[in-house]
Amino acid sequence: MKPDLFEAPDYYNLDELLTEEHKLVRDAAREWVKRDVSPIIEEYAQKAEFPTQIVKGLAEIGAFGPYIPEEYGGAGLDQISYGLIMQEIERGDSGVRSTASVQSSLVMYPIWKYGNEEQRNKYLPKLASGEWIGSFGLTEPDHGSNPGGMVTNFKDMGDHYLLNGAKMWISNAPFCDVAVVWAKNEEGRIHGLIVERGMEGFSTPETHNKWSLRASATGELIFDNVKVPKENLLPNKSGLGAPLGCLDSARFGIAWGAIGAAMDCYDTALRYSKERMQFGKPIGQFQLQQKKLAEMITEITKAQLLAWRLGVMRENGTATSAQISMAKRNNVEMAINIAREARQMLGGMGISGDYSIMRHSMNLESVITYEGTHDIHLLITGLDITGLNAFK
Ligand SMILES: Cc1cc2nc3c(=O)[nH]c(=O)nc-3n(C[C@H](O)[C@H](O)[C@H](O)COP(=O)(O)OP(=O)(O)OC[C@H]3O[C@@H](n4cnc5c(N)ncnc54)[C@H](O)[C@@H]3O)c2cc1C
């Protein structure tokens, strides 16, 4: 892997929209990625392993629960700071950002929002410090885009719940200490349960053979008559809206994170275009290559504006789920297109692990699929503007 020479593009001076705190938080995350992620990430992606040694650093830059109040160990930051941290981490690698997103938005968020005070005090500080890693079990083998059809279920046994079923494609599963699991009760109502490693009948086999998010561990969550203590049920929200509320927060983070991956691809291609000589000229002097670069910076700038405005609305509490869907969909597609164009600009070198572009490109294939597929987000916008449901 080449040295990390990243310089962030800011074509519309968007830094002027940020507070001093935003810039401090972002710059700390940027420095950490340069120092602790860039030098090792290609090797870990190649060997398909999560680099556990970066967990402490993720906690230190506030990536675990950026907006969770400090009394629970979180960083107590605002939504734009959260977005900027995700942007910087995904600039390094989408898999590392996935670990942080799951921990913050899919594990800490539901415990904070839907849990009681005992649950908050028991789990949040350990998750914020990285002592515990969490996973989020919603997707099942036969229920992905349609999670409401889930079959994982629990029965009230008097002094405990009995949980049965299986989840698949679960980030962090192979080494998670706790899992927030969505399951139906005997009336068919969806609830969140906190399942802990070591509970009898709970296993987390790893999913192998991935060509995407290779530096992130993915696995299954299997529940075979798991006795879950009654105090592990999240009491304050139930129904499909509960997991969807977590997804809003995670999708918001992805809308920012994808910008990071795109910025890294653009910056690499721009630098390469000035150094690589063909036909006696730097390739950046050819109009075809300039077209690619000009379109990339235009799309990145539009995505940055979308994310910033969404951050303001999210902070005010006015952002709708459909608005979040639009930003996730637009920004991930923007990033995947830029990764493809940037890869071509590097010619044969574009497929090499000496550069980050091919890794970003492969990673973004997962990012465009998880947390609601590209199609599903389009249907959400379609439903929002027409009032007509095209899902079924
Ligand atoms: C690396 C990775 C990590 C993940 N991490 C997690 C995690 O931590 N926790 C978790 O719960 N899940 C996780 N997921 C699962 C992810 O959210 C699902 O893969 C995703 O929701 C899609 O579900 P599916 O794969 O079953 O595809 P399907 O739902 O089977 O979709 C297949 C295709 O059909 C399309 N489609 C489906 N329904 C419709 C419709 N109504 N109209 C038009 N087209 C439709 C989809 O857009 C897609 O193109 C992860 C996935 C990956 C790849």
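Ala 48 sits partly exposed, with a relative accessible area of 37%. This is a predicted model, so take what follows as a look at computed geometry.

- Most residues other than glycine have a negative phi.
- You'll find Ala 48 in the loop that runs between helix H1 (20-46) and helix H2 (55-60).
- Glu 371 isn't a glycine either, and its phi is positive too, near 60°.
- Look for Glu 371 in the loop between helix H9 (357-367) and helix H10 (374-386).
- Buried or exposed? For Glu 371, the relative accessibility is 14%, and because buried means under 20%, Glu 371 counts as buried.

**Nonpolar cores**

- The largest nonpolar core holds 100 residues, and Leu 58, Ile 111 and Trp 182 are the ones touching the most other members.
- Helix H6 (residues 241-275) supplies the largest share of this core, with 17 residues.
- There's also a second, separate core of 18 residues, with Leu 163, Leu 193, Val 195 and Met 199 among them.

**Around Leu 58**

- Which residues does Leu 58 contact, leaving aside neighbours within four places in sequence? The list is Trp 32, Ala 63, Phe 64, Ile 89, Val 96 and Ala 100.

Definitions and conventions: Residues numbered from 1 in each chain as written. Predicted model: local features only at pLDDT ≥ 70, side-chain atom pairs only at ≥ 80, totals over all residues. Heavy atoms only, no water. Core = buried A, V, L, I, M, F, W, Y, C linked by side-chain atoms within 4.5 Å. Buried < 20%, exposed > 50% of the residue type's maximum accessible area, 1.4 Å probe, protein only. Helix = DSSP H or I, 4+ residues; strand = E, 2+ residues; numbered from the N terminus. Contact = heavy atoms within 4.5 Å.
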